[in-house]
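Morning, everyone. Here is the next structure for the group. Let me put it on the screen.

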Amino acid sequence: MIKETIETALTQLSHQVLQEDAPETRKAVSILKAKGYHSDEQILDCIKTTLAELTYYALTHTDSSIDDLFYYKLMEMPPCKNNFSDIDGKKTYFIFEAWLNGYKDKMYRKFKLPAEKTLNELAYTILATFHLEAEHTFAFTYQGETYFHEYHPDFPAIPANHVRLKDLNFDLDPSLEMTYDLGCCYDICIKYLDMEIMDKRILRTTPVILEGIGNGLVENQKSELVAYLNGNDMEIDLRDKKVKFSYMYPFIAQPFDLKKNQYLTQGRFPLYKDLFEHLK
């Protein structure tokens, strides 16, 4: 009898949480959708399970830490099982293309990385292949949700380091956006193209660059770079002298070199992972 009463109460409370139009509710639903739970029934089951785990804690604690613990528990939920990233149980790559918004014909990359990688690792790939130095933070937007590179209690966004690529529903919506440097705002468009079965003899864990246009981007110089891409080589100050942007950054004018870019990406990818996930 007690078990049935608790079960009924949890079900009612779960429905109430789901129906409330509040930032906290939207955040909880967003976390679960990022893990592949899309139906109301799946989301309700997850919320119900989490509330059940927190019942004893809620009875023995009166502080506000219950809220943070609730979101933490949701983020620890296992991803929803789906067959989108596995073919007959074999590991797969996801193939993407990425380009500077408005300049696909001038600053473009096509690459692949394991479907098990996170959104953060997708960002490290893009930063490395476009020659960016990882001096700033980044955010993703996908299906109306925002993903920051890590969890922060003051921002209603999903932590990108908890979201694997295989958990996102790219068959429904293949496009997402990444903003790097929230002040300068480099807007990078990303599109999922296809999946590829990994050769079991060569199980790479780092990204593979497939093709590209344009040598790279420049930190903190978006306006000058855009002017250059538009055909106007702007003058900038260098030790009280006016010099052309392409003279200040000569690699900008160089053509894309696939072999060099692959070496660059392979080298920087683990460094950026350490920088964002261990050192900051």
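**The core and its rings**

Start inside this predicted model. The largest nonpolar core has 66 residues, and those touching the most other members are Phe96, Leu119, Leu122, Phe140, Met178 and Ile190. A nonpolar core here is a set of buried Ala, Val, Leu, Ile, Met, Phe, Trp, Tyr and Cys residues joined through side-chain atoms within 4.5 Å. Buried means under 20% relative accessible area, exposed over 50%, partly exposed in between, with a 1.4 Å probe and protein chains only. Helix α5, residues 119–129, gives the most to this core: seven residues. Helices (H or I, at least four residues) and strands (E, at least two) are DSSP runs, numbered from the N terminus.

Two words on the ground rules. Being a predicted model, it needs pLDDT of at least 70 for local features and 80 or more for side-chain atom pairs, while totals for chains, interfaces and linings use all residues. Residues are numbered from 1 along each chain as its sequence is written, and side-chain values use heavy atoms, with hydrogens and water left out.

Now phenylalanine 96. What does phenylalanine 96 touch, not counting residues up to four places away in sequence? Its contacts include Arg109, Leu122, Phe170, Ile190 and Tyr192. Contact means heavy atoms within 4.5 Å.

On to the aromatics. Rings of Phe, Tyr and Trp (its six-membered ring) pair if their centres lie within 6.5 Å; planes under 30 degrees apart are stacked, over 60 edge-to-face, the rest tilted. That rule gives 15 aromatic pairs. Take phenylalanine 96 and phenylalanine 170: the centres are 5.7 Å apart and the planes at 80 degrees, so this pair is edge-to-face. The pair links distant parts of the chain, 74 residues apart: phenylalanine 96 in strand β1, phenylalanine 170 in the loop between β5 (158–159) and β6 (175–180). Both phenylalanine 96 and phenylalanine 170 are buried. Phe96 and Phe170 also belong to one aromatic cluster with Phe94, Phe111, Tyr142 and Tyr192.

Next, charges over rings. The rule: NZ of Lys or CZ of Arg within 6 Å of the ring centre and within 35 degrees of the ring normal. Lysine 104 lies over the face of tryptophan 99, 4.3 Å from the ring centre. Lysine 112 has its charged end over the ring of tyrosine 93, 4.5 Å from the centre.

Last stop, helix α6, residues 222–229. Buried there are Glu224, Leu225, Val226, Ala227 and Leu229. Their cover includes β1 (92–100), β7 (186–197), β9 (235–238) and α7 (245–248). After α6 comes glycine 231, with a positive phi near 95 degrees.
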